Amino acid sequence: MDNHNNNLPLILNEKRVFIIRENIVKKDLVAKLVHSICAELPDLNEEEVLSSVLKREQGISTTLDTGLSIPHARIEDLEAFQAAAAVLPNPIKDDYGLDVKVMFLFLSPAGPAFFSSHLKLLAALAEKFNPDFIKELGAMQDERLLLKSFSL
């Protein structure tokens, strides 16, 4: 990947990695992840970011058959990639009936210089989060170990 600050250790931190054990619906999980990013970036309007991500989710599923859900949006005035992630030991269903075992939400800058990196990050996530890796993540009990596991 090129150097637009999209290595996972750089765009994730321990305040944005969760193990979700309670029952939750996908929309609420997306909102939790968006909140975790916006809490650290006060210049972002949380409602607008959430609306952008949820709008992107309409009509097309971002959940792969492996159980990885990758909600994402391109955000104006964002200067670097940002991400939050959740592992769900007890999968939830998305709007299309697919199991969500891991959700990796990311925001990318809307500028054209970042579009290639945006696509490369999507491809890298799909490759990294294979069924064996997702199963391994689901067994983890500590968010700090999850964060270490996420490097691309």
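Is Asp77 buried or exposed? Asp77 counts as exposed, because its relative accessibility is 75% and the exposed class begins over 50%. The model discussed here is a predicted one.

**Asp77 and its loop**

Asp77 sits in the loop between β3 (72-75) and β4. Its backbone has a positive phi of about 70 degrees, although Asp77 is not a glycine. Most residues other than glycine have a negative phi.

**The largest pocket**

The space inside is about 310 Å³. Helix α3 (residues 46-57) gives the largest share of the lining, with three residues. By type, the lining holds seven nonpolar, three polar and five charged residues.

**Asp94, a buried charge**

Asp94 belongs to the loop between β4 (82-93) and β5 (99-109). Asp94 is buried, yet it has no salt bridge. Which side chain of opposite charge is nearest to Asp94? It is Lys26, at 4.3 Å. The side chain of Asp94 does have polar contacts. One is with the side chain of Ser61, at 3.0 Å. Another is with the side chain of Thr63, at 3.0 Å.

**Strand β5**

Ser108 is placed in strand β5. Its relative accessibility is 0%, so Ser108 counts as buried. The side chain of Ser108 is joined to that of His118 by a polar contact of 2.4 Å.

Pro109 lies in strand β5 as well. With 1% relative accessibility, Pro109 counts as buried, because buried means under 20%. What separates the C-alpha atoms of Pro109 and Ala80? The separation is 6.0 Å, although the two residues are 29 residues apart along the chain.

| Side chain | Partner side chain | Distance |
|---|---|---|
| Asp94 | Ser61 | 3.0 Å |
| Asp94 | Thr63 | 3.0 Å |
| Ser108 | His118 | 2.4 Å |

**In brief**

Asp77 is exposed and has a positive phi.

Technical notes
Residues numbered from 1 in each chain as written. Predicted model: local features only at pLDDT ≥ 70, side-chain atom pairs only at ≥ 80, totals over all residues. Heavy atoms only, no water. 1 Å grid on protein atoms, 1.4 Å probe; cavity = no way out; pocket = protein on both sides within 12 Å on 5 of 7 lines; lining within 4 Å. Points joined across faces, edges and corners; volume = space filled by probe spheres on them. Helix = DSSP H or I, 4+ residues; strand = E, 2+ residues; numbered from the N terminus. Nonpolar A, V, L, I, M, F, W, Y, C, P; charged D, E, K, R; others polar. Buried < 20%, exposed > 50% of the residue type's maximum accessible area, 1.4 Å probe, protein only. Lys, Arg positive; Asp, Glu negative; His and termini not counted. Salt bridge = Lys/Arg side-chain N within 4 Å of Asp/Glu carboxyl O. Polar contact = N/O pair within 3.5 Å; in protein donor to acceptor, adjacent residues only side chain to side chain.
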